[in-house]
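Here's a quick tour of one protein model, written for someone who likes to see the cut-offs. Have a look at the structure first.

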Amino acid sequence: MLPAVVKLCCGISYPHLRSMAGLQRTAVAVIGREVSCMQRWGHIQLPEWMDHMRLHAEPQAEDGRPVPLKEEQLFYVQQGEAAMRKALDILENKEGWKTEIAEDNGDVICSKVMAGARQVFRLEAVLDASAEELYDILFVRVEEMHRWNPSIQHIKVLLHVGPGTVVTHEVSAETAGNLIGQRDFLSVRHSCKHKSCIHLGGAATQLESFPPQKGFVRAEDGPTCIIIEALAEDARRSRFTWLLNMDVKGWLPKSIVNQALPRAQLDFTRHLRRRLLTGATLG
């Protein structure tokens, strides 16, 4: 019974997490911690789709005991986990996808229309890098992304929540040919590892100390995720799957947005490949 309730709660929690008051956030966090403890002691067995997500690992003190997270920290971990589960559900549902772009190098972008008529995009590519190397570039060194991706002006980590969750502020660059224009994003980014596969998920969030900035249109991404999986035949290469799900806000026609987003995915992947080739010089 409990696993069914947990799955139901996970499915409905994401849209409501961002507007929760403090007491509600604490309640959601406590439920997550209780489920983790019950799973750890074998009292319940979660479904396979949740098991590989690994509910957030608590920081450890020197004596090995868990260090309790603060209420705000727990909220962002829970929000990141919920966003990732929702994004994975979108990717795992094989119905409704249609091919938008197929590149000569094997990169493929497909799209799907979700409820509310928003279009999401799935990029699939193979990259010449290990899963750990890509994790380091895309998550650990996220603040360096502007150095190799000219479409980003800067990314700043505003809050670290344990080893697997951060809150970031990102500003897109004013570049020629940018149909959408300059935007800023406030996002929670969450990561988890399972054997040879790494998941990077995220979504728009709120931070009381960092309201929308004057002069920028604050876009919202998510739920979104990247799946990095080492190739079985060569662990030095990885299958890269990216779900792009974004509300750019403003008054742009959907036709322009739906044309620009998949092109942005191709541009990002091209810049990432270039970063991998010049990795030694960038450190």
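What follows covers a pocket, some ring contacts and a handful of individual residues.

This is a predicted model, so local features need pLDDT of at least 70 and side-chain atom pairs count only at pLDDT 80 or more, while totals for chains, interfaces and linings use all residues. Numbering runs from 1 along each chain as its sequence is written, and side-chain values use heavy atoms, with hydrogens and water left out.

**The pocket**

Let's start with the second largest pocket, which has a volume of about 530 Å³. A pocket here is an open set of points on a 1 Å grid over the protein atoms alone, where a 1.4 Å probe fits, with protein on both sides within 12 Å along at least five of seven lines. Grid points are joined across faces, edges and corners, and the volume is the space filled by probe spheres set on the points.

Its lining (residues with an atom within 4 Å of a point) comes to 27 residues, and Arg118, Gln119, Asn245, Met246 and Asp247 lie nearest the centre. By type, the lining divides into 13 nonpolar, 6 polar and 8 charged residues. Nonpolar covers Ala, Val, Leu, Ile, Met, Phe, Trp, Tyr, Cys and Pro, charged covers Asp, Glu, Lys and Arg, and the others, Gly among them, are polar.

Which elements supply at least two lining residues each? They are helices H4 (71-92) and H6 (254-277), plus strands S3 (119-127), S9 (220-221) and S12 (246-247). H6 gives the most, with 4 residues. These are DSSP runs numbered from the N terminus: helices are H or I with at least four residues, strands E with at least two.

**Rings and charges**

The structure holds 4 aromatic pairs, and ring pairs link Trp148, Trp242 and Phe268 into a cluster. To pair, rings of Phe, Tyr and Trp (its six-membered ring) need centres within 6.5 Å.

Two charges also sit over rings: the charged end of Arg122 is 4.6 Å from the ring centre of Trp97, and Lys193 lies over the face of Tyr135 at 4.3 Å from the ring centre. The test is NZ of Lys or CZ of Arg within 6 Å of the ring centre and within 35 degrees of the ring normal.

**Single residues**

Ser238 belongs to strand S11 (residues 234-244). Buried or exposed? Ser238 is buried, with a relative accessible area of 0%; buried means under 20%, exposed over 50% and partly exposed in between, with a 1.4 Å probe and protein chains only. The side chain of Ser238 reaches the backbone oxygen of Ala129 at 2.6 Å, and a polar atom of that side chain lies 3.1 Å from the backbone nitrogen of Ala131.

Lys249, in the loop between S12 and H6, has a positive phi of about 60 degrees although it is not a glycine. Most residues other than glycine have a negative phi. Lys249 is partly exposed, at 31% relative accessible area.

Finally, here are some pairs separated along the chain, with their C-alpha distances.

| Pair | Sequence separation | C-alpha distance |
|---|---|---|
| Glu81 and Gly202 | 121 residues | 8.2 Å |
| Ala173 and His154 | 19 residues | 8.0 Å |
| Gly106 and Val126 | 20 residues | 7.8 Å |

Glu81 sits in helix H4 and is buried at 2% relative accessible area. Ala173 is in the loop between strands S5 (165-172) and S6 (183-194), and at 10% relative accessibility it counts as buried. Gly106 is in the loop between strands S1 (98-102) and S2 (108-113), and is partly exposed at 46%.

Key. Phe/Tyr/Trp six-rings, centres within 6.5 Å; stacked < 30°, edge-to-face > 60°. Polar contact = N/O pair within 3.5 Å; in protein donor to acceptor, adjacent residues only side chain to side chain.
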